[in-house]
Structure formats: C-alpha cells, structure tokens
Amino acid sequence: MRLLLIMGQERLDDEERPESPDLHVYGGTPSHSTRLGPIRCSAFAGDLINPKQTIKRGNKKRIRACSERGTAKAAIGVIAILGFFCLVNWFMLSRLHEGRVWLRRGLSKNPNRNPKLILSQKGERKRFEKSKRKYNGTYGRMLSLASHALGENKLEPKDLWQEPREQASAWKPCAEKRSWTPNDGKNGYIMVTANGGINQQRVAVCNIVVVARLLNATLVIPKFMLSDVWTDASQFGDIYQEEHFMKYLSPDIRIVKELPNDLQSLDLEPIGSVVTDIEMMKEAKPDFYMKHILPILLKNEVVHFVGFGNRLAFDPMPFELQRLRCRCNFHALNFIPRIQETAALLVRRLRGSGSYVAPLDQQLLGPKFASSVLDNKSSDPPLQQEGASSSKYLALHLRFEIDMVAHSLCYFGGGKTEEKEFDSYRQKHFPSLSTLTKTKKFPSADVLRTEGLCPLTPEEAVLMLAALGFNRETRVFVAGANIYGGSKRLAVLTSLYPNVVTKEKLLTQSELQPFKNFSSQLAALDFIACAAADAFAMTDPGSQLSSLVSGYRIYYGGGKMPTIRPNKRRLSDILMKNSTIEWNVFEKRVRKANRQTKHVSARPTGRSVYRYPRCKECMCHA
C-alpha cells in the first residue's frame, strides 16, 4: 500500500510539471530519440504522449514533404521544357538568318548552292518587295491601311459624286437682273492696279466695279501688278475678253480703256490720288469710300488704287451693289478664246470616251468651244487616249506651293532644312510677315494644325480621298503648279491613285507653249478644269481658286456639281490619332465630317458672295 501511494505521488508530480518542448517536436519514442538521447522520467513517457496523435502528425509531415518534392520536380520539368523550346527557336532563327545572309551574298558560303536557283530566288524577292510598297513618315501606317482598303475594290458610296440635289437645285442664278439706270460716271475716273495671282485679281476687279458704281465714277480697264511671287506680266486683256467685259457692264457703269489725254500727264502721287493698301483698312465699308475717297475723286478727277486686295466689305452692302458684284464675277469675266480652246482640249481628254456637255461648259468655254468637248478624239495624242474609258473625273486643288506653306507658318516634316528654306522665302517675298515672326510670338505649328490653319499635305489629301470612298481607278486631275517637295511629295498620291493627271501630262508641249512663263494663264486652265469636274475637292478652303471654283459650281451647277470642303479642324483631330485609329473608324469619321459640309444653306452674313452665292442678291430661291 505504501509503495502504491509513493508511485501515485510521483505520477501526480510528473503531471503538474510543464511538458518538455522536445516531446512535441519529435514524435518518435522519447527514451530512444536519436537527436536528444535518453529523456528524464522516461519511465512515464508513454503516459505523456498520445500514440495516435504522434502517428497523425508524422503522416502530415510526410505528405507535406512529398508535396514539396512534387512541386519542385514539376517546376524543374517546366523550366526544362521552356529551355528546350528556346534552344530550338534559337537554332531555327540562326539558320534563317544564315539563309538571308547567303541570299544577300549570293550564297557564296553555302556548299550546296545552285546558281540558277539563287538567281530565281533573288528575282522573286525583288518582285515581292516591289509589289509591297512601304510607307514611311508620320502617316506611314495609315497609308498602308488605305492601300489595303483600296485593293479590296469596294463599291463607292452612292452619294460620293452627288450633292443634296433637291435643296441645291432650288437656287437659280439671277444676278443678271437689273433694276437701275446706267451710271454716267461724271465724278471722275478710277484706276486700279491689282496685286496677287489671277484669282486675287479677279476679286479685285469685281470689287472695283462696285466702287465705281458707288462713287458714280468711270472705270478704266484694270491693270495687273507684276508680282515677284507669280512673275507673270499678263494684263487684263491677256486673260479676259475686254470687249465683253465693257459691253456686259455698260448698263451698270461706264468703262474706258485708258484715261483721257489731259489726265494722263498728271503725276498722281504728289497730288494725293494714289491710294495703297496701307492707307486703307481691309473690307472697308461703303461709308469709308464716300467719306474718304469721294472727296479726292471730286478734287483731282482721278483716283488710282494700288494693290486693292480685299478692300471692300461684303456686309453691310446695298442690295443692287451686291448683285453687281455677282454679275461681274459670274457673267462679265469670260476667258479669252485662246484659253477657252485649250481648256476645251483639256476637259475633253479628262472626260475620255464618255465626253458630254456639263452644266458649266457654256459659261466656262463659250458656245464656240463647249461643243468641241464632244468632238471625235482621233486627233488626240496616243498618250491621252490610253485608259480614257472613264467619263467622270475628280479635280483636286492641291494648294501646296511654297508661297502657301511658307506663309502658313506650319511645319511639314522637313526639319531644319525646311525651316531655313521657309524663313529665307518669307524674308524675300513676305518681308512684313518675316519681321513679325521675329518680334511677335505666334502660335506654335502644332497649335496651328490643331486649329485647322495649315494646308493639307498630299499625304493628308490622299487619305481623305481614300476614306471618302473614291476607288483606285478614279481619274484625278491635280490643279496647281510646283508642289512643294516636287514629284517625291506627289509619289504617295500616284501610288494610291495611279490615274493621276495634270495639264502638263494631258496637253502636248506645242499646246502649252503659248502659256509658257505665264502662270496666271496656266492657272486659268486649272480654274476651268476644276470648275467643269464631276467632283471637286479642295485642300485649303481659304484658297482664292478653291473659293471661286466652288462658288462657280454652286451658281451654275444646278445641284449636280458636288464640292468636297474639308473641315480642317475636325480632320486634324482625326489625323492626330493616326498611330492607333483603325481604318473603318477613320472612314466613318471622315465621311461624317464631309456630310456635315454638304448642307445647303444661304450665305452667312459677312462671308464672300464669290464663294457663297446662295443669297437673295445673287441667286433666287424657288
């Protein structure tokens, strides 16, 4: 009994004693632990540890260890497979690279080379590279997409060659109507020496006709200033029919060919009868002429305007004076027969075998030469007869001459060379602007482009045409001379539209010879070809030629002569995304912007009647 009590007390002491951490860490038999050796109180170890719990913990450890070993093996396997594929890939690329090197060097290091096979492979490679044009530069990606889209040869949109005919045809020409008596011109004589090119001079002529009527003065046949930009000595009678001009406007104003003898000897400048653009505000109102010019006219009997660029406002303007403006532009200014005859040849060759008389032919070419557009083409040179099956053509006024691009202050990707060239040109031809650029801060080229103040480049123009849906076979007449960048800049246009032509390509040297060195007379040929086109696309709506041509097409077109007027601000916003935008999205956005410019509406107040003749003074609305 005593022995049992002693043993029970010892067990109680052992139960109250803290458990040894070693018993929890190692699950083997405590008295035979290989790591710790004999354990104190080993006689009672069996009572301190639960055998089932020890076995369970051991199983968990073995499972965890197996899992870790499996994961490691799987990772090693994946790494091995990836390494194998990398090795194979490297081997194949190296072999391919060697093959390319052999091809470039004529396979000189290939022991199994076949000379005939080599030449065949090289020929195939050249043909492939030639057929697959690579476009570089800002719009390289978009041009490649455009080329692919044109290659699909999709049908053109139905309204591509049309304008909203119902609304447009409701406007009829009526500027020929008069409701006043002729002007006797008794207050004196008005002379003008108009500056600029043919289109600026045309506007100046019609404006001075209105001033002559306003001041009751006699108009002397206008003279044209020799410009160092245009370098053309052509005078009024070298471009327009003088007799028709004088006769048609005789019910409105008195016109003479020169001053009377007693006034020809006057030195006009000392007596204050010479008025330059510097002395006049732009778009001066009729009140200005009555207040400042009429007193000089009454005193000296003659006033000579020099320059006269945009020196008469469009609004406010009395009804009959505004109508006289339109009457002069659309009825009184007819090109001389020599220009009309050559232009008729040009239009005939542009229309090809499907020639027809268009709505504007009578006004542009005159009755004598309008009918010649339908003549047999047997006399045309062989070059012009090739591929001339299409009767429709698109005229594109690519206003990208150096005077325009230099004056715009925009950047066109030419780097420092372009910058120096433009700066030099401005110093010579636009000295005032050149001085301002050095003394005044102008918006940056990026801001100008974002605001739509830069002329479209040939690349931007061809992207617009492709997005609108003109197919690859469209005959495109490019108006304009000496495109900045030359044939290299035009190459992108001809690569997408191979049927691009100019007057220099369609007319022979002998036919062009009479107009050589006369840029204004050559511009008259462009004017007629653009105005008579089935569709006309401008790249700079601010251009005088584009404005006059679009107005002429509105006035005489009867809703059948569509004009594409790009909103350059919106187009610039679309083109800004050229590196990411998809072609179908680009197409949709360009076409939407174009539809918005086709809306038929009356002339906004203050805008040019030459460009927007849809107004009660110029056209009658049915």
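This is a predicted model: local features need pLDDT of at least 70, side-chain atom pairs count only at pLDDT 80 or more; totals for chains, interfaces and linings use all residues.
**Exercise 1.** Find how many disulfides the whole structure holds, and work out how the bonded cysteines pair.

*Solution.* Searching the whole structure gives three disulfides. Now take them one by one.

- Step 1: Cys174 pairs with Cys620, with 2.2 Å between the sulfur atoms. Cys174 sits in the loop between strands E1 and E2 and Cys620 in strand E13, so this pair ties together parts 446 residues apart in sequence.
- Step 2: Cys326 is joined to Cys618, S to S 1.6 Å. Cys326 belongs to helix H13 and Cys618 to the loop between helix H28 and E13, so parts 292 residues apart in sequence are tied together.
- Step 3: Cys410 is joined to Cys454, S to S 2.0 Å. These two cysteines lie in loops, 44 residues apart.
- Step 4: Number the bonded cysteines in sequence order, and the pairing reads 1-6, 2-5, 3-4.

**Exercise 2.** Work out which hand the links Cys174 to Cys620 and Cys410 to Cys454 have.

*Solution.* For Cys174 and Cys620, the angle about the S-S bond is 110 degrees, and the link is right-handed. For Cys410 and Cys454, the torsion is about -90 degrees, so that disulfide is left-handed.

**Exercise 3.** Say whether Cys174 and Cys620 are buried or partly exposed.

*Solution.* Cys174, at a relative accessible area of 1%, is buried. Cys620, at 27%, is partly exposed.

Conventions: Residues are numbered from 1 along each chain as its sequence is written. Side-chain values use heavy atoms; hydrogens and water are left out. A disulfide is a pair of cysteine sulfur atoms within 2.5 Å. Helices (H or I, at least four residues) and strands (E, at least two) are DSSP runs, numbered from the N terminus. Buried means under 20% relative accessible area, exposed over 50%, partly exposed in between (1.4 Å probe, protein chains only).
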